[in-house]
Amino acid sequence: MRDIRVATVQFQHAPGDKSYNLDRIRHFVTRAAGERAEIIAFPEMCITGYWHTRKLSRDEFAALSEPTPDGPSSRMLLDLSREHGMTIGAGLVELGEDGKFYNSYLVAMPDGRWAVHRKLHVFVSEFLSPGSNYTVFDTPHGCRVGVLICYDNNIVENARATALLGAEILLAPHQTGGCDSVSPRGMKPVDRTIWDRREEDPAACEAELCGPKGRGWLMRWLPSRAHDNGMFLLFSNGVGPDDDEVRTGNAMVLDPYGEIVAETRAAGDAMVVADLDASLLSSSSGRRWMRARRPELYEPLVQRTGQEEETRRVRFGA
């Protein structure tokens, strides 16, 4: 990998309004191009909208979905990628060739290549099917990239497998923060009144978004995914009201030591740009530690314990 400039975005999508959401993507890509970024990450399902989809009927869900890479949103991203010489990742509801629906992340590359990651741990809608493969690929920018969508990053094995497949940069698109976690010490809903008064009282809003409901929760685990596996990490997220929840933003770039290179605490749409120092990869603790692995000891990791449950049950405590 060589040194590279990257960008990651937080923005409030409009539920079901692909035209608006794609315009926001175009806006930030143009800005990132002006700052000479070569890779940009947008949030999970930001093209279609996210939390409102849990209320959709199957027909409504089907109407929102589209194929990749031949659907209109994919074609727009590929055109935009070629225009600006930039690799662009953004999330949508995919209609698979098998007729199933997937929470997917399309990565469009300027040489016409593309990759799609299907979220491995889905829960927002009963009509979504989980993906069954890790997604790691080479880019025209001289780096190898992996993708894990939101809940995928909660499972430590997913990050390790992605690193073992050679990922140097992990794209981690989310729609998180402000969730009503079933864990008493997990995330809790953001106070909508505080969000609505963000201009009158920005300090209170920043405290709400960056405390234990948002950034504070992320800092308990997200840096370890980068540190333990020796990867750069681009965290993108929604921000602001998403149906009856409020996303906390906190877009950031982490280095292979799990340290923050750049971040935003903005209570609104924002972009973070950072220069990645490729020399950090080889010296990082996670990469050195992985060389000391003893795979012959890890058979228990691939054995079922009998405690495994479908992600929706785990997420909602059903």
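Biologist: Which side chain meets that of Asp275 in a salt bridge?

Modeller: This is a predicted model, in which local features need pLDDT of at least 70 and side-chain atom pairs count only at pLDDT 80 or more, while totals for chains, interfaces and linings use all residues. Residues are numbered from 1 along each chain as its sequence is written, and side-chain values use heavy atoms, with hydrogens and water left out. Taking a salt bridge as a side-chain nitrogen of Lys or Arg within 4 Å of a carboxyl oxygen of Asp or Glu, the partner that Asp275 meets at 2.7 Å, N to O, is Arg5.

Biologist: What is the relative accessible area of Asp275?

Modeller: Buried means under 20% relative accessible area and exposed over 50%, with partly exposed in between (1.4 Å probe, protein chains only). Arg5 is partly exposed at 21%, and Asp275 is also partly exposed, with a relative accessible area of 47%.

Biologist: Where in the chain does Arg24, the salt-bridge partner of Asp269, lie?

Modeller: The side chains of Asp269 and Arg24 meet in a salt bridge at 3.0 Å, N to O. The pair links distant parts of the chain, 245 residues apart, with Asp269 in the loop between E13 and E14 and Arg24 in helix H1.

Biologist: In which loop is Glu38, which meets Arg2 in a salt bridge, to be found?

Modeller: The side chains of Arg2 and Glu38 meet at 2.7 Å, N to O. Since Arg2 lies in the segment before E1, the pair ties together parts that are 36 residues apart in sequence, and Glu38 is in the loop between H1 and E2.

Biologist: What is the average twist from one strand to the next in the sheet that has E5 and E14 at its edges?

Modeller: With strands counted as paired if DSSP finds at least two bridges between them, this open sheet of 6 strands has the order E5-E4-E3-E2-E1-E14 and mixed pairing. Its edge strands, E5 (114-118) and E14 (270-276), each pair on one side only. With axes fitted as lines to C-alpha atoms (for helices over the stretch in contact) and angles running from 0 to 180 degrees between N-to-C directions, the twist averages 25°.

Biologist: What angle does the direction of helix H1 make with that of E14?

Modeller: Helix H1 (residues 18-34) packs on the sheet, touching E1, E2, E3 and E14, where contact means heavy atoms within 4.5 Å. Its direction makes with that of E14 an angle of about 35°.

Biologist: Which residue of E9 is the bridge partner of Ala172?

Modeller: In another open sheet of 6 strands, the order is E6-E7-E8-E9-E12-E13, with mixed pairing. Within it, 5 bridges join E8 (residues 169-173) to E9 (residues 232-236), which run parallel. In E9, the partner of Ala172 is Phe235.

Biologist: Which residues are linked with Arg54 and Lys55 in a network of salt bridges?

Modeller: The structure holds 23 salt bridges. In the network that includes Arg54 and Lys55, the linked residues are Asp243 and Asp244.

Note on methods. Helix = DSSP H or I, 4+ residues; strand = E, 2+ residues; numbered from the N terminus.
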